[in-house]
Amino acid sequence: GEINLKVYSSFLNLYSNLFENFSAKTEHGKRRDIQTLRAIAVTGVFLFHAGFPVWNGFLGVDIFFCISGYLISSLLLRQGSINLRIFLDFILARAKRLIPAYLAVVCFTIVLTSLLTLPEISQATLTTALMGNLFAANIYLAGATSDYFGASANNNALLHTWTLSAEWQMYFIIAILYWVASRNTEFLKKISVLLMILATGVSLVLWLLVEVGPKNDWGHLSRFISYYGIGIRFWEFGIGAIASFYTIKIGRFTNLKLVNSVRVGSWSLLVTVLFYRTENFVINSTIAVAATLSILLTGNCSEPKNIQHPLGRFIQFIGLCSYSIYLWHWPFIVLAKLLFPGIIWIAQTAALISLIPSVLSWRLIERDYRRHLSNKKYSNLKILSLILSTILLIQSCHYLIAHFNANNRDTANVMVTGDID
């Protein structure tokens, strides 16, 4: 019994040092376990898109949504009363965090796509970029793409930005709910909480109905739309928001042995569901979100430690760079496959090369330029000017491609379809 206890304690220490270092903060002031969640999520998406045998890597998106719901709700709950100024400050803070790196990727992608790919492909990418700047890329893609895993989608170098539009839409919904909850009327506070729970529950039920629904034409359409739509995605965001409400307003768990055991099990489930080949999407997604929820709920229950495994430090760094890695990897993969079709390992090679601009993007844009925006006057105008400049660049590329089509219509049609309309 004593030997088993020592083995079990050693196992817990390995997990704590490798994955999270419990609730200790990184030198960048972020919770280590959340950084690890981000690292696992982006690694799953990265490997899946690159064609490595990570069968359920796309579930990283579900993990990201749950984390976002938790963090954004925690931020708003700590504000206390929310008025119009705090609401606008919240939106602008998210813009400073997300938009500069996003616009860098968009500008890079639309220029290369316009110069190096066929007009039909570049037009779809440009339209996605324009709708993404309006926080509506997911709405456009739901109507324009017939199959997320089909050729038309896989040729769109900005397909992955639908998640950012979905997040922005959920930011507005969550912020409005918390604005209602912060009113002085106790009735409104209870109503807003009930609305959050109800919206999460309805979204979950709709998601289940769509995923296990009939295999008819409507069922296929519903399953496709659910991949992009916030209505059926909201439950992942909402569960994270409810978890933040629990940890801030109610408290934390006190049984540390139970907490540690639950967290070890949650980490194990999370890694297993991403990398183990299973085909039941409903069960896989539920496990991924439940494991993420468990880690988020118990993340503030243990005492921080000062020692961390070297591999754990690398995982933390991946977590820091996760947003930039997510942004940069897909354009590199798509452009490489379009320019060098049929070459073995081209997608994997392009994905690995994309890590270079990803790290540079984190260091120069996410970290340094974000600090610059925080410390300088007129930073809000700078963000707005970046967005408008990008829209102008997109429209210029649209015009150039349309002009190219007018002069070379016959040639372009033969290249794409083998025939002339």
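Helix axes here are lines fitted to C-alpha atoms over the stretch in contact, and angles run from 0 to 180 degrees between N-to-C directions. Helices themselves are DSSP runs (H or I, at least four residues), numbered from the N terminus. The structure is a predicted model, in which local features need pLDDT of at least 70, side-chain atom pairs count only at pLDDT 80 or more, and totals for chains, interfaces and linings use all residues. Residues are numbered from 1 along each chain as its sequence is written, and side-chain values use heavy atoms, with hydrogens and water left out.

Let me begin with two helix pairs. The axes of α5 (residues 119-133) and α6 (residues 137-144) come within 7 Å and cross at roughly 145°. On the α5 side, Ala124, Thr127, Thr128, Met131 and Gly132 make the contact (heavy atoms within 4.5 Å); on the α6 side, Ala137, Tyr140 and Leu141 do so. These residues comprise 5 nonpolar, 3 polar and no charged, where Ala, Val, Leu, Ile, Met, Phe, Trp, Tyr, Cys and Pro count as nonpolar, Asp, Glu, Lys and Arg as charged, and the others, Gly among them, as polar.

The second pair is α2 (32-50) with α13 (residues 281-298), packed at an angle of about 160° with axes 9 Å apart. That angle makes α2 roughly antiparallel to α13, the term for angles over 145 degrees. Asp33, Ile34 and Leu37 of α2 meet Thr292, Ile295 and Leu296 of α13. By class, this contact has 4 nonpolar, 1 polar and 1 charged residues.

I turn now to Phe58, which lies in the loop between α2 and α3 (60-79). Is Phe58 buried or exposed? Its relative accessible area is 16%, so Phe58 is buried, a term for values under 20% with a 1.4 Å probe and protein chains only. Leaving aside neighbours within four places in sequence, Phe58 is in contact with Phe48, Tyr227 and Phe281. Phe48 is 10 residues from Phe58 in sequence, with 6.5 Å between their C-alpha atoms.

Next, consider α15 (residues 322-339). This helix of 18 residues reaches 26 Å from its first C-alpha to its last, close to the 26 Å expected at 1.5 Å a residue; the expected span is 1.5 Å times one less than the number of residues. Helix α15 is mostly covered, with 15 of its 18 residues buried.

Finally, Ser361 is found in α17 (residues 355-375). With a relative accessible area of 3%, Ser361 is buried. Which residues does Ser361 touch, not counting those up to four places away in sequence? They are Ala101, Ser324, Trp328 and Glu366.

Methods. Buried means under 20% relative accessible area, exposed over 50%, partly exposed in between (1.4 Å probe, protein chains only). Angles under 35 degrees count as roughly parallel, over 145 as roughly antiparallel, 65 to 115 as roughly perpendicular and the rest as oblique.
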